Every structure is written in C-alpha cells, then in structure tokens.
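These are my notebook entries on one structure.

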Amino acid sequence: MSEFLVEATEVEKWFGPIKVLDRVDFNVRRGEVVVLIGPSGSGKTTLLRCINHLEHIQRGRIAVNGVLIGYRERQGRLVPDAERNIARQRRDVGMVFQRFNLFNNMNVLSNISLAPRLLRGTRPAEAEAEARALLDRVGLPDKAEAYPAELSGGQQQRIAIARALAMQPAVLLFDEPTSALDPEMVGEVLGVMRDLARSGMTMVVVTHEMGFARQVADRVVVMAEGRIIETGVPEAVFSAPEHPKTRALLSAVLH
Amino acid sequence: MHFDWPYFWAQLLTPSLAFLNGLGLTVVMAVSAQLLGFVFGLILALGRLSTNRVARGAAGAYIWVVRGTPLLVQIVFIYNGLAAAGILDFHDLHVLGVTFAGNLQAGILALAINEAAYMAEIYRAGISAVDRGQFEAAKALGMPPSMMMRHVVLPQAFRIILLPIGNQFNIMLKNTTLVSVIGVSEMLLVTETINSATFRTFELYSVVAIYFLLLTSLWNLFMAWVERHFALSRPNSATPQAALVLQE
Ligand SMILES: Nc1ncnc2c1ncn2[C@@H]1O[C@H](COP(=O)(O)OP(=O)(O)O)[C@@H](O)[C@H]1O
Ligand SMILES: [Mg+2]
C-alpha cells in the first residue's frame with residue numbers, strides 16, 4: 001500500500017481554454033497536516049475540489065487511499081467512473097467550505113447525523129449520540145436544536161467541521177475555512193482545527209492564516225498560476241523562501 | 001336592466017343538487033389533476049436537470065409541446081381525438097359502486113398532463129434557486145444524487161416554490177371549466193344547462209362566478225395560513241422571492 005493517503009500525479013485541469021492546474025504533483029501522508037498557500041486564483045480551491053472529484057481533471061491521476069477517484073483504469077486507459085462509486089469514495093474525504101454550507105432545512109443535530117444515518121446505516125439513536133459527542137468536541141453542546149440561520153459564522157463553521165467528522169473521513173480538506181468570518185470568530189475555528197491536527201487527523205488546509213500554518217503545518221505547499229512552486233516545512237518556507245513569488249506572497253500577507 | 005334578485009338569491013343560497021354535484025366535480029377534478037401534476041411534474045423536472053441527454057431531450061420536448069398548445073385543444077384531443085384515431089377510448093369505470101365516467105377520466109388526465117409541464121418549470125426554478133453550496137456539501141459527504149435531492153435540495157426547493165404552487169392550484173380550479181367541452185357536468189356545464197331552460201343568464205353566471213370566487217378565496221386563505229405556519233416559522237436562508245422572479 002502506498003505511503004500516501006492522497007496521491008495526485010501530473011494533474012492537469014482546464015476550465016474551457018484556461019489551464020488552471022498545470023502538472024500538479026501533490027501527495028499527503030497519513031496523519032500529515034499540509035497547508036496550501038498561494039495568491040488568489042492560483043488554483044488552490046480547484047486542487048481541493050479535484051481531490052474529492054467535485055471537478056473533473058483532464059490529465060493525470062488522483063488516488064485516495066490507494067484507489068483512483070473519478071476514473072477507473074480499463075486496459076491502460078482512464079474512463080469516467082460511475083456516479084455511485086464516486087459518491088462512495090467521497091465518504092472518505094471530508095470537506096469544509098469557505099461558506100460553511102450547512103443544510104438550511106434541518107437543525108444542527110440532523111446536519112451532523114444525516115450522512116452517517118443514510119450512508120453508513122448508523123441507527124438514529126447512535127447517530128444522535130455521535131453527533132452530540134462531536135458537538136462537545138467543537139465546543140457547541142447546547143446548539144443541537146438550532147437551525148443554521150440562528151448561528152454565527154464561527155459556530156456554523158465549527159458545526160460544518162463536526163458534520164464532516166461524523167463520516168469518519170480519512171482526510172479532511174479545508175478551503176479557506178476562516179475567510180468568510182468576522183475577525184473575532186477566526187480564533188474559535190482555528191482552535192478546533194488545531195485540536196483536530198493534534199489528534200492525528202490528516203488535513204489539507206487552504207488558508208491565509210500564516211500563524212496557523214507556522215504552528216500546525218507539517219508541510220507548507222505554495223501554489224502560483226496553477227503550479228506548485230515550493231514546498232517544505234513551515235520554518236524553511238517562511239524564513240527562507242526560495243521562489244521569488246513565495247517571497248512576494250509572504251511579504252504581501254505578513255506586512 | 002332587469003335583475004331577478006329572488007331567483008339570484010335562491011340559486012346562490014339553495015343551489016340545486018345538480019349544481020352541488022357540479023361543485024363537487026370541480027373540486028375533485030382540480031385536486032386530482034393537481035396531485036397528478038405534482039408527481040409528473042417532479043419527474044419531468046428531474047428529467048430536465050438530468051445529465052442523461054435522452055431524458056433531458058424527452059422532458060424538454062414534452063414541456064415545449066404542452067406549454068405551446070391550448071389546454072382546450074389538449075382536452076378535446078385526448079378525449080375525442082385519441083378515440084377517433086382508435087388509439088384510446090375512455091370507458092366508464094365502476095369502482096366500489098361509484099361510476100367514474102370516461103369523459104371525467106379524460107378531463108382529469110388532460111388537466112394533469114398540462115399541469116405537469118408548468119409544475120416542471122416551477123420545480124426547475126425552485127431547484128435552481130437552491131444555493132449551489134447545498135448541493136456541494138451533500139456531494140462532498142458522499143451522497144448520491146437521488147439522496148441529495150430527496151433530503152437536502154427538494155425540501156428547500158419546496159419552500160421556495162410554495163407561492164407559485166398555490167398560484168397554480170388557483171389557476172387549476174378555474175381551468176376545470178374547460179372540461180365542460182367534453183360534457184363533464186362540472187359547475188359551468190350545469191349552469192349552462194339550467195340557463196338553456198330558464199334564460200336567466202345574468203343571474204346564473206353571477207352565481208357560478210361567485211362560487212368560483214368562493215373556492216379560490218378559500219384556497220388563498222389556506223395558502224396564507226400555510227405560508228405563515230410552514231414557510232416562515234423556521235429560519236431559512238433560501239429566498240422565496242427568487243422563485244417568483246423565475247416564474248413567468
Ligand atoms: N467554475 C469555474 N469556471 C471557470 N473558471 C474557474 C472556475 N473555477 C475557478 N476558475 C478559475 O480557475 C482559476 C483558479 O481558481 P481557484 O482554484 O478558485 O483559485 P484559488 O482558490 O487559488 O483562489 C482562477 O483563474 C479562476 O478564475
Ligand atoms: Mg479559493
């Protein structure tokens with residue numbers, strides 16, 4: 001079995017005539033926390049969305065847990081996989097969105113327990129107990145009955161994290177989880193993410209929070225114009241960036 | 001001008017049994033055609049939004065034809081046209097001692113077929129008005145499309161299209177009068193029959209108009225109640241206005 005939980009090889013992604021990912025090699029080890037940084041429009045979101053196949057790729061391959069996602073290999077060629085199989089594989093890849101995307105038509109408890117009930121066949125009582133345990137973990141035990149519209153952004157995002165965790169994914173993808181938050185709520189969400197990282201969760205985090213990256217990341221990956229231009233441990237990337245674009249990015253974010 | 005007030009009041013307050021039967025038929029037709037239209041319409045809308053090209057094309061063609069031809073023509077076509085061509089004859093059905101007349105079946109079917117096309121467009125507008133993020137969150141959790149639709153998208157779409165649905169049933173109640181053309185004794189045909197014997201046209205048509213106004217008003221009151229207690233009581237970021245804009 002591969003040492004990588006996520007293995008993206010020579011990935012190319014086009015939106016019409018625009019190449020958005022250009023021969024991207026991106027691997028994540030089990031238990032690793034990778035922070036993905038790069039200027040706006042550099043392809044960070046797109047890369048995350050390719051990993052759980054919310055976007056098709058035009059070249060290369062992406063495997064999660066050693067299994068190709070979105071495609072099946074048939075006689076040496078890649079053919080699109082059935083929707084059912086893709087859905088099944090996505091259960092192992094949790095995603096936390098910039099805009100939370102909690103289900104508006106149900107309360108917090110149902111938001112968290114819906115997918116385990118429907119997809120893993122967890123009994124309702126058990127799913128509810130798990131959901132309450134997750135609410136404890138993200139520090140919102142008293143919000144079980146609330147509807148998303150009644151919660152602050154920070155609370156919604158913490159519940160979105162709980163919802164993703166309820167499926168017991170092998171890896172969690174975060175797409176700028178604090179960018180849509182008022183500044184005073186950023187800390188509570190980063191706190192939950194820090195605890196998760198300590199617990200050994202495999203995470204890929206797109207963020208502009210350099211403090212978080214420094215503290216929590218095992219590895220920082222820098223993207224620019226659809227390419228990975230630099231990768232390394234946080235100290236190396238932040239203290240001695242090699243690529244001029246990384247330097248430009250860091251001085252823009254840090255000053 | 002002569003208006004026979006005593007006759008008018010008698011017809012309004014103590015309608016004949018035939019008229020009450022007509023009222024019953026009007027309601028039965030409207031309700032059953034609307035319910036069928038709901039179901040057909042949802043299937044059509046899912047077809048329209050499907051990734052399958054054949055399903056999309058077939059649903060699109062259906063909606064195009066039905067919305068592009070008059071309901072009156074569709075009613076006559078289905079009852080008389082299909083029979084004349086030897087394709088389909090509507091026979092009376094006898095179920096549990098109740099006779100379900102052939103022309104009534106055809107009338108309900110025609111209304112339902114017509115309604116489905118309009119409902120499909122309303123569903124489609126409602127589904128399109130649901131935030132893309134809701135679809136993506138469901139997909140990212142590993143839900144297959146059918147599950148995503150059933151548990152996440154449609155409940156939100158329904159709330160958005162509540163108002164247009166209410167509107168559709170209001171139209172449906174009135175459209176049942178067209179079925180008089182194939183001899184279903186709903187309120188209008190009963191009125192015409194009485195009129196041909198009495199020639200109190202002004203009075204009789206005033207009465208039938210008032211009865212329709214009563215039906216639609218009751219329905220409006222009900223919808224207002226539904227909206228207060230169902231749509232607005234629970235917080236929801238979905239905007240009901242979006243569907244109104246999309247509806248023609
Ligand atoms: N659905 C889309 N259709 C067309 N172009 C897109 C789409 N999504 C993203 N892009 C383009 O792809 C590039 C990368 O976008 P994105 O991955 O969102 O960057 P980032 O997350 O790093 O800001 C941008 O140029 C963006 O305009
Ligand atoms: Mg982005």
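Is B:R200 buried, partly exposed or exposed? I found that B:R200 is partly exposed, with a relative accessible area of 30%; buried means under 20%, exposed over 50%, and partly exposed in between (1.4 Å probe, protein chains only).

I noted that this is a predicted model, in which local features need pLDDT of at least 70 and side-chain atom pairs count only at pLDDT 80 or more, while totals for chains, interfaces and linings use all residues. Residues are numbered from 1 along each chain, chains are lettered from A, and side-chain values use heavy atoms, without hydrogens and water.

**Salt bridges**

I took a salt bridge as a side-chain nitrogen of Lys or Arg within 4 Å of a carboxyl oxygen of Asp or Glu. Over all chains the count is 21.

B:R200 forms a salt bridge with B:D4, with the closest N and O atoms 2.3 Å apart. B:R200 lies in the loop between α8 and α9 of chain B and B:D4 in the segment before α1, so the pair ties together parts 196 residues apart in sequence. B:D4 is buried, at 18%.

A:R72 is partly exposed at 32%, whereas A:D81 is buried at 10%.

I also recorded a network of salt bridges that links A:K13, A:R49, A:E55 and B:E136.

**Helix packing**

Helix α3 of chain A packs with helix α7 of chain B at an angle of about 145°, their axes being 12 Å apart. Helices here are DSSP runs (H or I) of at least four residues, and angles run from 0 to 180 degrees between N-to-C directions.

How values were computed
Helices (H or I, at least four residues) and strands (E, at least two) are DSSP runs, numbered from the N terminus.
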